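The sequence and structure are shown first.

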Amino acid sequence: MSNKRIRSLLEQRLKAWADARPIPVAWDNVKFSPPTGPYIRATLLPADTTSIDLEGAHRGYLGLFQLSINVPLSTGPGQAETLADELSALFPMTLRLESGSFWVQITSPCSAYPGIPGDTHYMVPVRFRYRADT
């Protein structure tokens with residue numbers, strides 16, 4: 001399965017960006033205690049794997065990578081919008097991330113969705129589509 005390789009390539013890029021801020025990232029299925037300040041939750045949302053040849057050798061991996069930006073509640077949307085702009089620049093459409101002969105490409109611009117207030121944080125989901133073929 002290539003979801004593991006896709007996740008690794010996308011998360012490596014996000015980790016380098018987040019470490020330079022620093023801003024904590026909550027990774028899938030990794031213990032995380034949300035801080036009082038901003039943080040990002042990274043979620044890989046794979047779609048059905050496809051195959052476009054009759055032989056069955058091809059595999060197409062499509063999906064979404066969602067970055068849920070969480071900022072302290074009641075501080076306005078500005079900080080989340082700034083982070084959304086930075087993430088959009090980090091993952092531009094047509095970006096290709098490679099590891100050996102395997103690559104994943106961003107196939108849509110980042111889209112930010114309406115914020116959702118929670119108990120302690122205001123969450124703005126940002127996501128983009130990706131594709132990888134073998």
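Predicted model: local features only at pLDDT ≥ 70, side-chain atom pairs only at ≥ 80, totals over all residues.

The buried residues in question are Ala80, Leu83, Ala84, Leu87 and Leu90. They lie on the same side of helix 2, because the arc they cover around the axis is only 120°. An α-helix has 3.6 residues a turn, so residues three or four places apart point the same way.

The face turned away from the buried side of helix 2 carries Asp85 and Ala89, both exposed. Helix 2 takes in residues 78-90, 13 residues in total, and reaches 18 Å from its first C-alpha to its last, close to the expected 18 Å.

## Helix 1

Helix 1 has 18 residues, which should span 26 Å at 1.5 Å a residue, and the 26 Å between its end C-alpha atoms agrees with this. Its buried residues are Asn3, Ile6, Leu9, Leu10, Glu11, Leu14, Trp17 and Ala18.

## Backbone exceptions in the loops

Most residues other than glycine have a negative phi, and most peptide bonds are trans. The loop between helix 1 and strand 1 (25-26) holds Pro22, which is joined to Arg21 by a cis peptide bond with omega of about -10°.

Ser74, not a glycine, has a positive phi of about 70°; Ser74 is found in the loop between strand 3 and helix 2. With a relative accessible area of 74%, Ser74 is exposed. Thr94, also not a glycine, has a positive phi of about 80° and sits in the loop between helix 2 and strand 4 (96-99). Its relative accessibility is 51%, so Thr94 counts as exposed, the cut-off being over 50%.

## The whole chain

The protein has two helices and eight strands, in the order α-β-β-β-α-β-β-β-β-β from the N terminus on. The C-alpha trace spans about 55 × 25 × 25 Å along its principal axes. Of contacts between residues at least 6 apart in sequence, 58% join residues at least 24 apart.

Of the 134 residues, 37% are buried. The accessible surface comes to about 7,500 Å², and carbon and sulfur atoms account for 53% of that surface. There are 13 positive and 12 negative side chains, with the centres of the two sets 4 Å apart.

Technical notes: Residues numbered from 1 in each chain as written. Heavy atoms only, no water. Helix = DSSP H or I, 4+ residues; strand = E, 2+ residues; numbered from the N terminus. Buried < 20%, exposed > 50% of the residue type's maximum accessible area, 1.4 Å probe, protein only. Contact = heavy atoms within 4.5 Å. Areas by Shrake-Rupley, 256 points an atom, 1.4 Å probe, with all protein chains shown as cover. Lys, Arg positive; Asp, Glu negative; His and termini not counted. Charge placed at Lys NZ, Arg CZ, Asp CG, Glu CD. Expected span 1.5 Å × (residues − 1). Arc of directions from axis to C-beta.
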